[in-house]
Amino acid sequence: MSRHSYQPAEPNRAARLMLLVALAPILIPHLWRMPAWLAIFGVLVFAWRVVIDWRGLALPGKWPRTVLALLGFGAVLFAYKSVGGRDPGAALLTVMLCLKLLEMRSLRDASVVIYIGYFLVAVGLLFSQSIATGLSLFLIIFLLTAALMALHQPDTRLSDYRRHLRISGGLILQAMPVMLVLFLLFP
(Lines give C-alpha, C1' and ligand atoms only; values in the text may rest on other atoms or scores of the structure.)
Protein backbone atom coordinates (compact mmCIF):
# COMPACT_ATOMS: atom_id res chain seq x y z
CA MET A 1 0.00 0.00 0.00
CA SER A 2 1.56 3.26 -1.05
CA ARG A 3 1.24 6.68 0.50
CA HIS A 4 0.23 9.27 -2.04
CA SER A 5 -1.39 11.96 0.06
CA TYR A 6 -0.83 15.47 -1.17
CA GLN A 7 1.04 17.81 1.11
CA PRO A 8 2.44 21.03 -0.29
CA ALA A 9 6.21 21.32 -0.01
CA GLU A 10 5.84 24.89 1.16
CA PRO A 11 2.87 26.63 2.76
CA ASN A 12 1.60 29.41 0.57
CA ARG A 13 2.18 33.07 1.33
CA ALA A 14 -1.33 33.74 2.68
CA ALA A 15 -1.09 30.85 5.17
CA ARG A 16 2.35 32.03 6.33
CA LEU A 17 1.02 35.56 6.87
CA MET A 18 -1.93 34.14 8.84
CA LEU A 19 0.55 32.24 10.98
CA LEU A 20 2.53 35.41 11.69
CA VAL A 21 -0.68 37.23 12.67
CA ALA A 22 -1.56 34.36 15.03
CA LEU A 23 1.93 34.34 16.60
CA ALA A 24 2.14 38.07 17.30
CA PRO A 25 -0.27 38.07 20.30
CA ILE A 26 1.65 35.31 22.08
CA LEU A 27 5.07 36.79 21.36
CA ILE A 28 4.20 40.30 22.60
CA PRO A 29 3.79 39.46 26.32
CA HIS A 30 6.90 37.30 26.32
CA LEU A 31 8.95 39.97 24.56
CA TRP A 32 7.62 42.54 27.03
CA ARG A 33 9.10 40.57 29.96
CA MET A 34 12.59 40.38 28.43
CA PRO A 35 15.31 43.01 28.60
CA ALA A 36 14.61 45.71 26.01
CA TRP A 37 17.62 44.97 23.81
CA LEU A 38 16.77 41.26 23.71
CA ALA A 39 13.14 42.00 22.90
CA ILE A 40 14.27 44.31 20.08
CA PHE A 41 16.34 41.42 18.69
CA GLY A 42 13.22 39.21 18.68
CA VAL A 43 11.05 41.93 17.13
CA LEU A 44 13.61 42.60 14.39
CA VAL A 45 13.82 38.91 13.49
CA PHE A 46 10.01 38.64 13.46
CA ALA A 47 9.72 41.79 11.33
CA TRP A 48 12.36 40.39 8.95
CA ARG A 49 10.16 37.35 8.37
CA VAL A 50 7.11 39.54 7.80
CA VAL A 51 9.03 41.53 5.17
CA ILE A 52 10.24 38.29 3.54
CA ASP A 53 6.67 37.02 3.18
CA TRP A 54 5.11 40.36 2.31
CA ARG A 55 7.61 41.14 -0.45
CA GLY A 56 8.40 37.60 -1.56
CA LEU A 57 12.11 37.80 -0.67
CA ALA A 58 14.45 34.84 -0.22
CA LEU A 59 15.07 33.39 3.22
CA PRO A 60 18.53 33.84 4.72
CA GLY A 61 21.06 31.06 4.21
CA LYS A 62 22.35 28.53 6.70
CA TRP A 63 25.29 30.59 7.98
CA PRO A 64 23.37 33.78 8.79
CA ARG A 65 20.72 31.69 10.59
CA THR A 66 23.42 29.83 12.54
CA VAL A 67 25.10 33.09 13.56
CA LEU A 68 21.74 34.56 14.62
CA ALA A 69 20.91 31.42 16.63
CA LEU A 70 24.25 31.61 18.44
CA LEU A 71 23.73 35.33 19.05
CA GLY A 72 20.22 34.68 20.38
CA PHE A 73 21.40 31.94 22.72
CA GLY A 74 24.34 34.07 23.86
CA ALA A 75 22.08 37.08 24.40
CA VAL A 76 19.74 35.11 26.64
CA LEU A 77 22.69 33.65 28.53
CA PHE A 78 24.20 37.13 28.93
CA ALA A 79 20.91 38.70 30.05
CA TYR A 80 19.92 36.03 32.57
CA LYS A 81 23.29 34.40 33.43
CA SER A 82 21.55 31.06 32.79
CA VAL A 83 19.20 29.38 30.36
CA GLY A 84 17.44 27.39 33.08
CA GLY A 85 14.42 28.62 34.99
CA ARG A 86 11.16 30.30 34.15
CA ASP A 87 12.34 33.69 32.88
CA PRO A 88 15.42 32.62 30.91
CA GLY A 89 13.62 29.54 29.58
CA ALA A 90 10.69 31.62 28.34
CA ALA A 91 13.08 34.17 26.82
CA LEU A 92 15.11 31.46 25.06
CA LEU A 93 11.97 29.78 23.70
CA THR A 94 10.64 33.15 22.49
CA VAL A 95 13.88 34.09 20.75
CA MET A 96 14.26 30.66 19.20
CA LEU A 97 10.67 30.76 17.92
CA CYS A 98 11.44 34.07 16.21
CA LEU A 99 14.58 32.55 14.72
CA LYS A 100 12.70 29.42 13.61
CA LEU A 101 10.57 31.72 11.45
CA LEU A 102 13.67 32.50 9.37
CA GLU A 103 14.05 28.86 8.38
CA MET A 104 10.37 28.09 7.91
CA ARG A 105 10.29 26.68 4.38
CA SER A 106 8.15 23.55 4.53
CA LEU A 107 4.82 22.56 5.98
CA ARG A 108 6.72 20.60 8.61
CA ASP A 109 8.66 23.72 9.68
CA ALA A 110 5.43 25.71 9.88
CA SER A 111 3.80 22.99 11.98
CA VAL A 112 6.76 23.06 14.37
CA VAL A 113 6.34 26.83 14.67
CA ILE A 114 2.64 26.37 15.50
CA TYR A 115 3.43 23.76 18.16
CA ILE A 116 6.06 26.01 19.72
CA GLY A 117 3.38 28.72 19.73
CA TYR A 118 1.03 26.39 21.63
CA PHE A 119 3.84 25.65 24.07
CA LEU A 120 4.42 29.39 24.58
CA VAL A 121 0.73 29.68 25.47
CA ALA A 122 1.32 27.16 28.27
CA VAL A 123 4.47 29.03 29.33
CA GLY A 124 2.35 32.18 29.61
CA LEU A 125 0.44 30.48 32.43
CA LEU A 126 3.67 30.29 34.43
CA PHE A 127 3.62 34.09 34.67
CA SER A 128 -0.07 34.68 35.38
CA GLN A 129 -3.15 32.57 35.92
CA SER A 130 -5.71 35.35 36.07
CA ILE A 131 -9.02 35.12 34.25
CA ALA A 132 -7.90 37.86 31.83
CA THR A 133 -4.73 35.91 31.03
CA GLY A 134 -6.72 32.73 30.55
CA LEU A 135 -9.14 34.44 28.17
CA SER A 136 -6.32 36.03 26.16
CA LEU A 137 -4.47 32.72 25.91
CA PHE A 138 -7.72 31.04 24.85
CA LEU A 139 -8.03 33.62 22.06
CA ILE A 140 -4.45 32.88 21.00
CA ILE A 141 -5.20 29.14 20.87
CA PHE A 142 -8.19 30.00 18.68
CA LEU A 143 -5.93 31.99 16.30
CA LEU A 144 -3.18 29.36 16.24
CA THR A 145 -5.69 26.62 15.43
CA ALA A 146 -7.08 28.68 12.55
CA ALA A 147 -3.52 29.26 11.28
CA LEU A 148 -2.81 25.52 11.55
CA MET A 149 -5.84 24.78 9.39
CA ALA A 150 -4.81 27.46 6.88
CA LEU A 151 -1.35 25.90 6.59
CA HIS A 152 -2.86 22.57 5.60
CA GLN A 153 -4.97 24.08 2.82
CA PRO A 154 -2.78 24.43 -0.28
CA ASP A 155 -5.07 27.03 -1.85
CA THR A 156 -5.52 29.30 1.19
CA ARG A 157 -6.10 32.96 0.46
CA LEU A 158 -6.11 35.82 2.97
CA SER A 159 -9.87 36.14 2.47
CA ASP A 160 -10.29 32.54 3.77
CA TYR A 161 -9.19 33.46 7.29
CA ARG A 162 -12.77 34.05 8.48
CA ARG A 163 -13.71 30.54 7.39
CA HIS A 164 -10.70 29.11 9.22
CA LEU A 165 -11.63 31.10 12.33
CA ARG A 166 -15.20 29.77 12.19
CA ILE A 167 -13.99 26.16 11.88
CA SER A 168 -11.43 26.72 14.65
CA GLY A 169 -14.20 28.03 16.90
CA GLY A 170 -16.29 24.96 16.12
CA LEU A 171 -13.42 22.64 17.00
CA ILE A 172 -12.77 24.44 20.27
CA LEU A 173 -16.48 24.33 21.17
CA GLN A 174 -16.49 20.59 20.50
CA ALA A 175 -13.48 20.20 22.80
CA MET A 176 -15.08 22.20 25.65
CA PRO A 177 -16.84 19.25 27.34
CA VAL A 178 -13.59 17.30 27.46
CA MET A 179 -11.73 20.36 28.79
CA LEU A 180 -14.35 20.85 31.52
CA VAL A 181 -14.22 17.19 32.56
CA LEU A 182 -10.42 17.30 32.70
CA PHE A 183 -10.56 20.53 34.70
CA LEU A 184 -12.96 18.98 37.22
CA LEU A 185 -11.02 15.72 37.51
CA PHE A 186 -7.52 17.24 37.43
CA PRO A 187 -7.78 20.86 38.68
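Okay, let's start with Arg65, which has its place in helix α3, residues 62-80. When I say helix, I mean a DSSP run of H or I with at least four residues, and strands would be E runs of at least two, all numbered from the N terminus. Before going on: this is a predicted model, where local features need pLDDT of at least 70 and side-chain atom pairs count only at pLDDT 80 or more, while totals for chains, interfaces and linings use all residues. Residues are numbered from 1 along each chain as its sequence is written, and side-chain values use heavy atoms, with hydrogens and water left out.

Back to Arg65. Is Arg65 buried or exposed? Arg65 is buried, because its relative accessible area is 19%, and buried means under 20%, exposed over 50%, and partly exposed in between, using a 1.4 Å probe and protein chains only. What does Arg65 touch? Not counting residues up to four places away in sequence, Arg65 touches Pro60, Leu102, Glu103 and Arg105. Contact here means heavy atoms within 4.5 Å.

Leaving aside neighbours within four places in sequence, Pro60 is in contact with Trp48, Ile52, Arg65, Leu102 and Arg105. Pro60 and Trp37 are 23 residues apart in sequence, and from C-alpha to C-alpha they are 22 Å apart in space.

So what about Trp37? Trp37 lies in helix α2, residues 36-55, and counts as partly exposed at 41% relative accessibility. Once residues up to four places away in sequence are set aside, Trp37 touches Ala75, Phe78 and Ala79. Compare the spacing to Cys98: Trp37 and Cys98 are 61 residues apart in sequence and 15 Å apart in space, C-alpha to C-alpha.

Phe78 brings us to Lys81, which lies over the face of Phe78, at 4.8 Å from the ring centre. The rule is that a charge sits over a ring if NZ of Lys or CZ of Arg is within 6 Å of the ring centre and within 35 degrees of the ring normal. Lys81 is found in the loop between α3 and α4, with α4 being 86-101, and is exposed, with a relative accessible area of 65%. Most residues other than glycine have a negative phi. Lys81 has a positive phi of about 65° although it is not a glycine. There's another charge over a ring: the charged end of Arg33 sits over the ring of Phe127, 4.0 Å from its centre.

Asp109 is found in helix α5 and counts as buried at 11% relative accessibility. Apart from residues up to four places away in sequence, Asp109 touches Lys100, Glu103 and Met104. Then there's Ala14, whose place is in helix α1, residues 13-33. Ala14 is buried, with a relative accessible area of 11%, and touches Thr156, Arg157 and Leu158, again not counting residues up to four places away in sequence. Ala14 and Gly74 are 60 residues apart in sequence and 33 Å apart in space, C-alpha to C-alpha.

How much space lies in the largest pocket? About 540 Å³. Of the 15 residues that line the largest pocket, the closest to its centre are Phe138, Ile141, Met176, Met179 and Phe183. A pocket, on a 1 Å grid over the protein atoms alone, is an open set of points where a 1.4 Å probe fits, with protein on both sides within 12 Å along at least five of seven lines, and lining residues have an atom within 4 Å of a point; a cavity is a set the probe cannot get out of. Grid points are joined across faces, edges and corners, and the volume is the space filled by probe spheres set on the points.

Which element gives the largest share of the lining of the largest pocket? That's α7, with eight residues. By class, the lining has 14 nonpolar, one polar and no charged residues. Ala, Val, Leu, Ile, Met, Phe, Trp, Tyr, Cys and Pro count as nonpolar, Asp, Glu, Lys and Arg as charged, and the others, Gly among them, as polar.
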